[in-house]
Amino acid sequence: MNVITFAAAVILNDQNQLLLVRKKNTQFFMQVGGKLELNELPEQTMLREIEEEISTTAQIQQFLGRFETLAANEAGHQLVSYVYQVNLDHAPKMDAEIAEMKWIDLDHDQTLLAPLTREVVIPWCRANL
């Protein structure tokens with residue numbers, strides 16, 4: 001199985017809602033983040049993707065861990081994700097390849113979620129908030 005290495009940001013607001021984005025030409029909502037570039041550390045990737053996708057900078061609060069799930073938009077791919085909780089320096093604004101951005105409640109609405117969000121991030125948030 002092909003592997004995609006990814007860095008992802010867990011971004012929560014004061015109401016403990018989770019920020020998710022949907023990239024253009026995809027259907028799943030997911031964490032802000034992206035694939036690691038050559039010789040790039042996961043935290044560098046994640047901070048770069050935050051700037052590219054939602055036009056702000058961020059401060060890393062903690063490393064949640066390395067997780068393996070199925071990829072949301074690439075069938076037959078395994079996703080290896082390095083996940084960090086971050087605080088944004090400014091309000092997020094959609095940029096680059098983002099088609100839609102929204103805050104969701106952790107008790108889950110009807111949003112179509114990526115496996116990483118559904119299987120790892122939301123359970124972590126519920127257990128730690």
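**Aromatic pairs and a pocket**

By the ring-distance rule, the count in this predicted model comes to two aromatic pairs. The rings of Phe63 and Tyr82 have their centres 6.4 Å apart and their planes at 20°, so this pair is stacked. Phe63 sits in strand β4 (residues 58-70) and Tyr82 in strand β5 (residues 77-88), so the pair links distant parts of the chain, 19 residues apart.

- Phe63 counts as partly exposed, with 45% relative accessibility.
- Tyr82, at 22% relative accessibility, also counts as partly exposed.
- Phe63 also forms a tilted aromatic pair with Tyr84, at 5.0 Å centre to centre and with 45° between the planes.
- Because Phe63 lies in strand β4 and Tyr84 in strand β5, this pair ties together parts that are 21 residues apart in sequence.
- Tyr84 has 6% relative accessibility and counts as buried, since buried means under 20%.
- Together, Phe63, Tyr82 and Tyr84 form one aromatic cluster.

**A charge over a ring**

- Lys102 has its charged end over the ring of Phe29, 4.6 Å from the ring's centre.

**The largest pocket**

- The volume of the largest pocket is about 270 Å³.
- This pocket is lined by 19 residues, and the closest to its centre are Phe6, Lys23, Met30, Asn73 and Glu74.
- The elements that give two or more residues to the lining are β1 (2-11), β3 (32-35) and α2 (115-128).
- Strand β3 provides the largest share of the lining, with three residues.
- By class, the lining has eight nonpolar, six polar and five charged residues.

How values were computed: Residues numbered from 1 in each chain as written. Predicted model: local features only at pLDDT ≥ 70, side-chain atom pairs only at ≥ 80, totals over all residues. Heavy atoms only, no water. 1 Å grid on protein atoms, 1.4 Å probe; cavity = no way out; pocket = protein on both sides within 12 Å on 5 of 7 lines; lining within 4 Å. Points joined across faces, edges and corners; volume = space filled by probe spheres on them. Helix = DSSP H or I, 4+ residues; strand = E, 2+ residues; numbered from the N terminus. Nonpolar A, V, L, I, M, F, W, Y, C, P; charged D, E, K, R; others polar. Phe/Tyr/Trp six-rings, centres within 6.5 Å; stacked < 30°, edge-to-face > 60°. Buried < 20%, exposed > 50% of the residue type's maximum accessible area, 1.4 Å probe, protein only. Lys NZ or Arg CZ within 6 Å of the ring centre and 35° of its normal.
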